[in-house]
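Subject: Structure handover

Hi,

Here is the structure you asked about. Please open it alongside this note.

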Amino acid sequence: MNNPHKIQAVFFDMDGVLYDSMPTHSEAWVRAMTQFGYDFTTNDCYLNEGRTGDDTINQQAQLQFGRDATREEMDKIYAFKSEIFEHSSGALPMPFANNLLQKIKQQGRQIVLVTGSGQASLLENLNRDFPDIFNKNNTVTAFDVTYGKPNPEPYLLALKKAGCKANEAIVVENAPLGIEAAKAANLFVIAVNTGTLSDKILYDYGANIVFSGIKELHERWDKLDFL
Ligand code: MG
């Protein structure tokens, strides 16, 4: 990886970065997987964060039953998980996420969302919580990729959408597999540790810097020397 310089674009993961949504996601995943006969814990959820729904379910089918998940099984479990999630009280935006996004936009840098999520209401929620930041041209979701994180594909697509080189962009991620995906795309990664994992795990997966959260990143943004 080349050290970043003159940052033109910032790629943001969504869950656990822009939204404090991981506790709700993990509860929905555990309930849906259990309902369909899988053994799946909160910790499994954090360790698998960033995978598409299909990949998450398929991997568990292979691990637990020694077979691939069927299309029907993947559709039913993910639909049930999404239903639980959408009927939950809803995830709040991370404190200072909107401030940070607006600041980056004012600096003239591009912003791209890179998420494994395939929620139907995703863009609507983003526009409500982060006005005038996201549209379909600067979002990469589960619908845009063949291989989700930890494959580099979503981040390579983000580079294409932003029209810049790997050393002109940085990534903000919270999850091990998201960091792995970004590193595989040769990108510099700022991790925000907003979950239950240790900083060490995030560094082990390749994070270049680990901050405690978006609030700390917002406070330190102007002092990052590669901006
Ligand atoms: Mg995340």
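Which helices each supply at least two residues of the lining of the largest pocket? They are helix H4 (71-86) and helix H6 (122-129). Keep in mind that this is a predicted model.

The largest pocket

H6 gives the largest share of this lining, with 3 residues. In total, 14 residues line the pocket. Those nearest its centre are Phe85, Gly90, Ala91, Gln119 and Asn125. The volume comes to about 230 Å³. By class, the lining holds 5 nonpolar, 6 polar and 3 charged residues.

The second largest pocket

Helix H3 (residues 53-65) contributes the most to its lining, namely 3 residues. The lining includes Thr52, Gly53, Asp54 and Asp55. Tyr78, Gly116 and Gly118 are also among the lining residues. Sorted by class, the lining has 4 nonpolar, 6 polar and 2 charged residues.

The magnesium site

Which residues coordinate the magnesium ion? The donors come from Asp13 (OD), Asp15 (O), Glu49 (OE) and Asn174 (OD1). Their distances to the ion are 2.0 to 2.1 Å. Along the chain, the donors follow the spacing D-x1-D-x33-E-x124-N.

Are aspartate 13 and aspartate 15 buried or exposed? Aspartate 13 has a relative accessible area of 4%, so it is buried. Aspartate 15 is buried too, because its relative accessible area is 10%. The cut-off for buried is under 20%.

Threonine 139

Where is threonine 139 found? It belongs to strand S3 (residues 139-140). Its relative accessibility is 6%, so threonine 139 counts as buried. A polar atom of the threonine 139 side chain lies 3.2 Å from the backbone oxygen of asparagine 135. Setting aside neighbours within four places in sequence, threonine 139 is in contact with Leu113, Leu123, Phe134, Asp144 and Lys161.

To find your way around, start at the magnesium ion with Asp13, Asp15, Glu49 and Asn174. Then go to Phe85, Gly90, Ala91, Gln119 and Asn125, by the centre of the largest pocket. Finish at threonine 139 in strand S3.

Best wishes

Note on methods. Residues numbered from 1 in each chain as written. Predicted model: local features only at pLDDT ≥ 70, side-chain atom pairs only at ≥ 80, totals over all residues. Heavy atoms only, no water. Helix = DSSP H or I, 4+ residues; strand = E, 2+ residues; numbered from the N terminus. Buried < 20%, exposed > 50% of the residue type's maximum accessible area, 1.4 Å probe, protein only. Polar contact = N/O pair within 3.5 Å; in protein donor to acceptor, adjacent residues only side chain to side chain. Contact = heavy atoms within 4.5 Å. 1 Å grid on protein atoms, 1.4 Å probe; cavity = no way out; pocket = protein on both sides within 12 Å on 5 of 7 lines; lining within 4 Å. Points joined across faces, edges and corners; volume = space filled by probe spheres on them. Nonpolar A, V, L, I, M, F, W, Y, C, P; charged D, E, K, R; others polar. Donors = N, O, S within 2.8 Å, 3.2 Å for Na, K, Ca; no water.
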